[in-house]
Amino acid sequence: MSLLKITNLNKTYPNGTQALVDVNLELSNGMFGLLGPNGAGKSSLMRTLATLQEADSGSAFLDDIDMLNNPQAVRQTLGYLPQEFGVYPRITAAQLLDHLCILKGVANKNERRELVDYLLQKVNLYEERNKSVKGFSGGMKQRVGIAQALIGNPQLIIVDEPTAGLDPGERNRFHNLLAEVGEEVIVILSTHIVDDVKELCTHMAIMNLGRIVYNGTPADALSELNGKVWRKTIERSEKEAYQSAYHVISDKMVAGRPQIHVLSEVNPGNDFEESEPDLEDVFFTHIHALQA
Amino acid sequence: MFFEFFSKEVITALKKPMIYIFIFIVALLVFGAVVSDNVIIGGVFGDVKKNAPVVVANYVAILNIFGLLFATAFFNNAALRDYQYGFQEIMFTTPISKSDYFFGRFCGAWLLSTLVMLGIYLAFLAGAAIGPAMHWIGAERVGPTPWLAFLNSYLLFVVPNMFFAGAIIFALATQFKSTIVSFVGTLFIIIGYIVSLNLASDIDNQATAALVDVFGIAAYTLDTEYFTPLERNTLAPAFSGYLLLNRMLWFAVGLVILFFAAYRFSFTTKNSKQKKSATKSAKTKAAPQPLAKPVLSASAQHHTGWATFWSFFKTNALSIGKSTTFVILLLFAIILLVSNLWGGFEYFGLKSYPVTYKMIDEISSLASLFVLIVLVFFSGELVWRDRDNHLNEVVDATPHHSVISLLAKTASLVVLGSVLHLVLILVGMLYQTFNGYTNYEVGVYLTDFLTDGFVLYLVWGTFLVFIQVLVNQKYLGYFVSVLFLFVLDILFSIIQVESKMFLIGETPQTAYSDMNGFGPASTAQWWFSNYWVLFGLLSLIIAGLCWPRGLNRSLKDRFATSRKSLGKSYFGTLGFLGLAWLAVGAFVFYNTQVLNPYKTSKEQERLQVQYEKDYKKYENVPLPMVTDLTYYIDIYPAERTVRAKVDLLLRNNADRPIDSLHFTLDSDDPIQLDIPNSKRVFFDEKLGYCIYQLNTSLQPGDSLRMVTHYAYAAKGFENEVSNMSVLTNGTFFNNSDILPGYGYQKGAELSDKNKRRKYDLPERARMPELQAECSELCRKNYISEGHADWVNVDTYISTSADQIAIAPGSLLKTTEKDGRRQYHYRLDHPSQNFYSFMSADYEVATRKWKGIDLEVYYDRKHAVNVDRMLDAMQKSLAYYTTHFGPYYHRQARIIEFPRYATFAQAFPGTMPYSEAIGFIVDLEGEDKNNVIDAVIAHEMAHQYWAHQVIGAEMQGATMLSESFAEYSALMVMKQETTPLQMKDFLKYDLQRYLRGRSSESDKELPLMKVENQGHIHYGKGAVILYALQNYIGEDSLNLALKNFLEAYRYQDPPYPTSLDFMRYLRPQVPDSLQYLIKDWLEDITLYDLRLKEVACTKNSNGKYELTLDLIAKKTKAAPDGTITEVPIADWVDIGFYADNEEEELFFQQRVYLDQENAQLKFVLDSLPAEAAVDPLRLLIDRIYDDNSKKVVLVE
């Protein structure tokens, strides 16, 4: 059972952007979802944990490894799939994985071959192992990405926005893979897609403007909102009026017409219906709370 | 619509900084050259102005090549902009006309490309104004602004070149839509140009090359080849000659390419590349059984240094090796090498055997250029590879060591560069094979590769990676790299830093010689190599510390991150390498600066100036003459050591007593003087001038003895080898090298006119003026400069047991003692005080001819031409003894020396002859006389002309030795050669003269007043004297020479002048031809002969009547180059060829012409194919092509 403990982590970029503001988190084995809009600081946090970026202050410990000061030790036990996972030209999937295996310290040639074959099979790319990865589709590349993140025996796996650009089938396959490995190690899944978290994670945090604005289980988050979310389908022209009158947490198109969700302790009346809260409501509630 | 596209293209570019930056770069380059005294390109010399029309045109023509790179950017951009921005689908769905789009964009880019070149003209304007004002150059170096040259060079070079190149680039860009392909097109154009340059190196191909060269440079060079300085200063490039032809040709080709491309151009976007592997998947094996997750053994992990290195090395090497850029560069290098080899090694129409050193020279220079391009380009690619492919985060999050990946990447870079070099070596060996040369010296190739190539690649590979890492911005990194590669050298040369310890990767250059191997620079090269390799590794290790692991950008964060993951061993290595580098550096410094200090060229120059200013006053101090010398020389080849003691006998030949002796000792020269009954009263340590006062004056006719001691021992190693005459195998030095400079040394004066002006030195005559009454001046000859006349020489010389030592004269005794060979030579007849001493491991071929020993001392690898050399010596002696008189030595020796110099030289009875000429020339199938025979005949002739009779030190002196030797050699050749073959040989002499006069730095003088200038005494002398014997008869000229020789042979002063020779020549010339003496020897005369029309009819008795219309002009050139036409009144040959190849001259007649336009009639028995005026090319005519015409029979 591993434990990742982040304390008072801060990072400000030279241009003044506050990417991380007093971030505190504690997580253990299992899937951990990190939700947040674009630019919330998710990637900064992921990269800092993946030893790719220096923090200004604070600390992060993986069990007894001082992550910020002993990057080599972290890298020994890290699986990382960045937001952008590119590949070299003129190289096959097997060659690429083999190269990365070596970098991760798998020195024995036979073991490496077995491992590469195993991983390729696991991500269902065994058939394609001798093809140039450059020609792979987005989903196939992403599967190569997850394969490389599983090399060795990582205790900490970080995946940054992995399902963007995947079709539903690819996405399901990807989720299954993650779920399988997530039982034994810490998996941090950073995403702005609420459904990813809903489907996979036992714990979650929501980030916005560099801060953790919610930390808990998805179930707790939902129960907090129970009976407080109301929805109504309206005309486009009425939008502004509703926004000033109610605490609107989201509006989206449903069957061609705007549907708004509002937060209210009591029934706001005016033909609003009670709505079963979902994670999206949680997400918007926390983000708007901060901005308001 | 056309105008819309055109103006949009131009205006958009004008609003961006790029074009102004380009113009600025071009202007800066040219400006620097115009205002600098040290940059001499574009044909600036002597009186040619810095902004002379021809200079402007040359700059424009040459900078066009660089301009191509800018042009590629414009044309490529114009063609591909819409595609790069993904705008093509929007653009091409609008209703625009295809041709308006195509030509509008093209013409816009065309105009822009030519605008960049305007920077050249701006620089000329600015340079001409600012240079003199700031006193960077003298005002007299600048002429009036050559507006016409500006305009014409723009129209003749810039516009058509950019059009042609643009057409190709635009065609490629629209067809392939790839920037790389466009740049490859540009490179191909440049390669084409270089190939045509190679073509032009052979005199017979110049006209072809003038047409083939796409830039018109070869054409313009050919048109202006024989321009005098005056013409260079006044004539703008003209719309005529080869240049016009060339321009029309390539403009037309460009048009065809452009219209073809326009025809092919289509708005519909082609499908992007098909997936190659679509069908392959069926073949792959069925999926195996699901695998169990492998268990990794703990021990196998984390000890992966080598595996990591190897994996990085492999993937990076493959990525370079498979890249288009690398493959293209490799192919280019191969094409260039083959082209260079094919056209190279030419020597007077003969080719050398492709011996290894010739191949190495070609390969090394080409390889280093291409490998450096590879290193610059791929250092950026490799450093940025992970980031460019968006794999950096994954890779950086793995626990590998940055330093290992950096080492592996650099290693792959250096290895791929080396592969390029090695491939070229392979091509070189294939070339040798094709030429039937099978002495493959693989070891030599590899040694040269390791010392000359690999070290350079390693140093620059590591250093460029270091730059890329430190700069951490790819394109800025390229910029800095190029700065270091080129600008640093220039900077250091400006601030007078010549130590190779500062010039990155620079090591003392070795040159491989079959005789002497890699030579004396090898040791220095080894140490410098270590110094630089350590420097390279050190910079790489430091780069490891700055490596941007992760996403850190600032240097501070990069350091912080690296420090965490770099352990003790890293810092240990860093410290160790640093210490090792410092230690080796200190050792190199000690050897090159402390043990063997040297002067920079500027320091040397200042010393020369000081010497002249301080001691010129002693130039004419009377000194006793050297009459007898006895040498005791010990050569230790293996140690590169020579010790020499010389006993000299000096005699006062002046008419008054002499009380002091003057010497000039080189300050680093190890010479000691031992002069009895005297004391040193003056010694200038810096300049080496010293004066010895005699205790009792030396009375006229009295003699004194003195002894000098010389010792040279190479110690340690040098920045640059200063003594290339004492060698392990092939020692070759002159008597003057081991003797002190006697008196004031005029030869040490600064000779360059413009430099003298800079140092406020008076103008310096190259030689005293020719004068008939020259009592004092004629007491000096031009070789010993009045310090000796005819001397007796005795030599006791020793060397190691495996070598033969040679001194002038007959060998009297050889003994072998204590593992050393000792020889005693004595000169058979008093000679000029000018001879050499040599030692090497020689083979000797001998032949006895009429009591004279003919000997060739050669290296055993070079036996192939030795018999022919003996033949040539024999033939020469046979002719000379018959026509000129006896030979006064008992032996004639040809002695080979290493190729560090390429000449042959005649000393009394001995003729050192460079390894590079003659010994390795391929004479197979050359049954006729050739240049090797000619060189030998020339040197043999010097045994008469120079060593029996020698001219007074005065204008015209070298005519009496060099021109006569050249003439004598021609006469030896002529015996077995047809007149047409002689013409074929003499064209090289004519070219030498005409080219030489066109680069005259001072003023041109007639043959009779030649001032020791090769192009006149060899080139013109050969042409004139050959023509003269043709006109007055070989026997008459020989008789004149013989009579002259007999009058002055081995005579004490006064020495003869060219005027004295005239007294012997005149009686041998018939009255009708006396004008030749004036025209050819006393004046500078040029002819312009042209055959305008040839009409041919057949008459009733079956004979052919030919009517020739010709133009015959004669001009005289004044020393400053001005030309005046004089009336023609000359005998000129008319000839008819049976064939169009001008191989059979079946009719020839000498006719008298006294009018500029002449019509001549001839009746011939058979129909000629061609008619020619002056068919044997006896007269000096700059344009010879118009002397002949095809004959067409009019029925």
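In what order do the 4 strands of the open sheet in chain A lie? Keep the question in mind while you set up the view. The model is predicted.

**Stop 1: chain A as a whole**

Select chain A. The chain has 10 helices and 14 strands. Its C-alpha atoms fill a box of roughly 70 × 40 × 35 Å along the principal axes. Of its 292 residues, 47% are buried. Among contacts in chain A with a separation of 6 or more, 69% are between residues 24 or more positions apart.

**Stop 2: a sheet in chain A**

Now select strands 1, 2, 4 and 5 of chain A. They form an open sheet in the order 2-1-4-5, with antiparallel pairing. At the edges are strand 2 (18–28) and strand 5 (65–66) of chain A, each of which pairs on one side only. Next, show strand 1 (residues 3–12) and strand 4 (residues 57–62) of chain A, which are joined in the antiparallel sense by 5 bridges.

**Stop 3: where the chains meet**

Show both chains. Here 45 residues of chain A are in contact with 42 residues of chain B. On the chain B side, helix 13 (305–321), helix 16 (392–396) and helix 21 (555–565) each supply at least two residues. Helix 13 of chain B gives the most, with 6 residues. Coloured by class, the side of chain B that touches chain A shows 15 nonpolar, 20 polar and 7 charged residues.

**Stop 4: two partners of one helix**

Select helix 12 (residues 241–264) of chain B together with helix 10 (residues 217–224) of chain B. Their axes come within 7 Å and cross at roughly 165 degrees, so helix 10 of chain B is roughly antiparallel to helix 12 of chain B. The crossing of these two helices is right-handed. Display the side chains of Ala219(B), Tyr220(B), Leu222(B) and Asp223(B) in helix 10, which make the contact with Gly241(B), Tyr242(B), Leu243(B) and Asn246(B) in helix 12 of chain B. By class, this contact has 5 nonpolar, 2 polar and 1 charged residues.

The axes of helix 7 and helix 12 of chain B come within 9 Å and cross at roughly 25 degrees. That angle is why helix 7 of chain B counts as roughly parallel to helix 12 of chain B. This crossing is left-handed. Residues to display in helix 7 include Phe163(B), Phe164(B) and Phe170(B), and those in helix 12 include Trp250(B), Phe251(B) and Ile257(B). The contact of helix 7 with helix 12 of chain B consists of 15 nonpolar, 3 polar and 2 charged residues.

**Stop 5: a sheet in chain B**

Strand 25 (residues 1130–1137) and strand 28 (residues 1170–1173) of chain B run antiparallel and are joined by 4 bridges. End at Phe1136(B), which stands opposite Ala1171(B) in strand 28 of chain B.

Notes
Residues numbered from 1 in each chain as written. Chains lettered and ligands numbered in written order. Predicted model: local features only at pLDDT ≥ 70, side-chain atom pairs only at ≥ 80, totals over all residues. Axes fitted to C-alpha atoms, helices over the stretch in contact; angles between N-to-C directions. Parallel < 35°, antiparallel > 145°, perpendicular 65-115°, else oblique. Left-handed = near helix turned anticlockwise from the far one by under 90°. Contact = placed C-beta atoms within 7 Å. Nonpolar A, V, L, I, M, F, W, Y, C, P; charged D, E, K, R; others polar. Pairing = 2+ DSSP bridges. Buried ≥ 20, exposed ≤ 12 C-beta atoms within 10 Å, placed from the backbone.
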